[in-house]
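Biologist: I have a chain to go through with you. Could we take it piece by piece?
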Amino acid sequence: ITKMYYEEDADLSYLNEKIAVIGYGSQGHAHALNLDDTGLDVVVGARKNGKSWKKAKNDELEVKKIQDAVEEAKYISMLIPDEVQPMVYENKIEPYLDKGDTLFFAHGFNVHYNQIKPPEEVNVVMVAPKGPGHLVRRVFKEDTGTPGLIAVNQNATGDAKEITLAYAKGIGCTKAGVIETSFKEETETDLFGEQVDLCGGVTEMIKTTFETLVEEGYQPEVAYFESLHELKLIVDLIHEKGLKGMWNSVSNTAEYGGLTRGENIINDKSKQNMKKILDDIQKGKFAREWISENQTGLPSMKRLREMEENHEIEEVGKELREMMPWLDGE
Ligand code: NDP
Ligand code: MG
Ligand code: MG
């Protein structure tokens, strides 16, 4: 099993100067507040007319224009959306970097696919918490932490890994445990997971299960519960106890039916398709497609979003979720 890094493996004194957290969204607000609570010197970099500027001020953090924050900081954490990073980097970050600075990312996409090419004299590292920002903040306050990945892509100062571990400690990740990876591995596995099972596969599974039942005359409400609502119960069991733990908790009928029928749904054919998806990721085909989609104003994305919103399961779901006020949606 691979090495895990914990509290005692990380030394906060490696972050001995100002840290600029660029962006104050999901990850940005969590990193900035956690680093600040840890006692480190934090400045938030934001645009003056945006919402984040006010938000960070309200949270009593020091806020500056991105250029100014980068200029005065030695550690710069890139926490704005991946699609806007290359432009913001070129205009407001790169010109203000000094030799020996450290550039942090929370996802490897732009560096791995060469959309951002930092100069040789700065460290390029990653601290990627394995959880959304609000969780990174909440568990920190509860004195636990979110597990995370770290990676060093460019070690200009010789102590880039120590600096990276210190940052992981500052945001709470070493409380839960940190694993070392590379920009390549993090980027490719992250894209693969979200395309295959986490987002792409699971939504298609839900819709197709629902459609099959409704087309055969079953009530949409009943189909909704079976295809979507109950998924959480099963996923929670798997998350907490693994596959065997889940099988132990469901009925024997569910276990036998699932074990005998599952392979009709996901099988060697599906694995071939997954390998093709992985191949597109490894060869940069997906990245090129996504970059050009962004550059042309998201034409496919807009069409696909609309189709997804108009699916019957969304209408039924909206009504049913209103009847279940304990679900904390919007
Ligand atoms: P968000 O979408 O939450 O980022 C929003 C922030 O970016 C706001 O502060 C916003 O400022 C700022 N911003 C947006 N556009 C611009 C711009 N053109 N110029 C300047 N600032 C801008 O990002 P995430 O936190 O989701 O993602 C940040 C990084 O973390 C990404 O690399 C992502 O892959 C990674 N990551 C995200 C995870 C998540 O759960 N969300 C999990 C792990 C990694 P304003 O208020 O002014 O609009
Ligand atoms: Mg992702
Ligand atoms: Mg059932």
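Biologist: Which strand does Asn 123 lie in?
Modeller: Asn 123 lies in strand 7, residues 123-129; strands are DSSP runs of E of at least two residues, helices are runs of H or I of at least four, and both are numbered from the N terminus. This is a predicted model, where local features need pLDDT of at least 70, side-chain atom pairs count only at pLDDT 80 or more, and totals for chains, interfaces and linings use all residues. Residues are numbered from 1 along each chain as its sequence is written, while chains are lettered from A and ligands numbered from 1 in the order in which they are written.

Biologist: Is Asn 123 buried or exposed?
Modeller: Asn 123 counts as buried because it has 24 C-beta neighbours inside 10 Å. Buried requires 20 or more other C-beta atoms within 10 Å, exposed 12 or fewer, and partly exposed falls in between, with C-beta atoms placed from the backbone.

Biologist: Turning to His 107, what feature does UniProt place there?
Modeller: The unreviewed UniProt entry places "active site" at His 107; positions are in the numbering used here, feature names are shortened, and annotations may be inferred rather than shown by experiment.

Biologist: And where does His 107 lie?
Modeller: His 107 is in the loop between strand 6 (102-105) and helix 5 (109-112).

Biologist: Which residues does His 107 touch?
Modeller: Not counting residues up to four places away in sequence, His 107 touches Asp 82, Ala 128 and Asp 190; contact means C-beta atoms, placed from the backbone, within 7 Å.

Key: Two residues are in contact if their C-beta atoms, placed from the backbone, lie within 7 Å.
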